Structures are given as structure tokens and as C-alpha cells.
Amino acid sequence: MHKEYFWLYFKLNTKGAATIPATTKHPDITTPVGLKSAIEQWLEDDKAEEIEVIDLQDQSALADFMIIASGRSSRQVIAMASKLKDRLSALGVKSIRTEGQNSGDWVIVDVGDVIIHLFRPEVRDFYNIEQMWKMGAPLAVVHNSGIRA
């Protein structure tokens with residue numbers, strides 16, 4: 001185990017916060033693809049369900065990737081979001097924004113290049129945001145004068 005990784009593992013464990021499993025090698029979060037991969041692995045480790053990754057690089061300037069996952073309960077959704085924040089902060093990610101962590105129905109974790117949506121299953125089914133983003137570019141443009149194709 002690398003000295004710096006051991007320190008990170010020790011630091012997270014002694015705070016009682018989220019841990020990066022000791023079997024996982026130090027993730028490369030310097031690129032959007034590396035960040036996406038690390039987040040996917042952490043969500044799998046936290047028992048997230050139906051993890052779906054949407055590549056937004058050609059669709060939006062909002063982010064490079066969107067990750068959508070479900071937790072079995074509000075408590076699990078809140079815990080997954082909290083662990084993600086702790087893990088990313090421990091690796092030096094500075095700009096982490098969250099919304100919805102109080103209710104746990106739908107939590108958004110925005111880290112710039114990757115946006116993570118964590119849902120309870122019934123809330124995810126209701127909003128179905130992955131279908132909207134999979135469709136690609138919008139078919140109509142709304143202007144002040146109305147809708148044009």
C-alpha cells in the first residue's frame with residue numbers, strides 16, 4: 001500500500017467518515033473519465049442499484065457525465081451522497097455542491113465534470129430523467145414567439 005494512500009485511508013477511518021476500501025487502488029480523478037470511474041466504483045461499493053452513466057460530452061456544456069443511481073431508502077441515499085462528498089473531499093476535490101440531502105428522495109451531487117443523481121426508486125421512476133437525457137438534443141426550441149421545430 002502506498003504511503004499517501006495509507007494516510008488517506010487512516011485519515012478517513014479515524015474521522016469516522018466514509019472510507020475508500022483498502023483493496024481499491026488510489027483513483028485517478030484528474031480527468032472526467034477517471035472521476036466518473038471512481039464515482040461508479042464507490043456507488044457499487046455502497047450497494048447503489050441501477051447505476052446508469054450518461055455521456056453528455058456531445059450533448060451539453062453542463063457536464064461531461066451524468067451518473068444516476070438508486071438507493072433502497074432515504075437513509076441509504078443520504079449516506080451514499082455523504083460518503084461521496086467525504087471521499088471526493090479527501091482526494092482534494094474542492095467544488096462539491098449538493099442539493100436535496102435533507103429529504104433523501106433525490107440528492108444531486110455536482111462535482112463539475114460529473115453530476116450524480118441519487119434517488120429512491122419510486123422517485124426515480126416518477127421523474128425518469130435518464131430517458132430525457134438519452135433522447136439527445138431537443139427537437140423543438142422555445143422562443144418568446146412560441147415553439148419552433
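This is a predicted model: local features need pLDDT of at least 70, side-chain atom pairs count only at pLDDT 80 or more; totals for chains, interfaces and linings use all residues.
A residue counts as exposed when its relative accessible area is over 50% and as buried when that area is under 20%, with partly exposed in between. Tyr127, at 43%, is partly exposed.

These two residues also pair up through their rings. A pair of aromatic rings is described by the distance of the centres and the angle of the planes. For Phe126 and Tyr127, the centres sit 5.0 Å apart and the planes make an angle of 90 degrees, an edge-to-face arrangement. The structure holds three aromatic pairs, and Phe126 and Tyr127 belong to one aromatic cluster together with Trp106 and Phe119. Another ring, that of Phe65, has a charged neighbour: Lys36 lies over its face, 5.4 Å from the ring centre.

Now to helix 3, which runs over residues 74–90. Its 17 residues reach 24 Å from the first C-alpha to the last, close to the 24 Å expected at 1.5 Å a residue. Buried along this helix are Gln76, Val77, Met80, Ala81, Leu84, Arg87 and Leu88. Looking down the axis of helix 3, these buried residues fall within an arc of 135 degrees, so they line one face of the helix. As for what they pack against, the partners are helix 2 (32–45), strand 2 (65–70), strand 4 (106–110) and strand 5 (114–119). Just past the end of helix 3 comes Gly92, with a positive phi of about 95 degrees.

Terms used: Residues are numbered from 1 along each chain as its sequence is written. Side-chain values use heavy atoms; hydrogens and water are left out. Helices (H or I, at least four residues) and strands (E, at least two) are DSSP runs, numbered from the N terminus. The expected span of a helix is 1.5 Å times one less than its number of residues. Buried means under 20% relative accessible area, exposed over 50%, partly exposed in between (1.4 Å probe, protein chains only). The arc is that of the directions from the helix axis to the C-beta atoms. Contact means heavy atoms within 4.5 Å. Rings of Phe, Tyr and Trp (its six-membered ring) pair if their centres lie within 6.5 Å; planes under 30 degrees apart count as stacked, over 60 as edge-to-face and the rest as tilted. A charge sits over a ring if NZ of Lys or CZ of Arg is within 6 Å of the ring centre and within 35 degrees of the ring normal.
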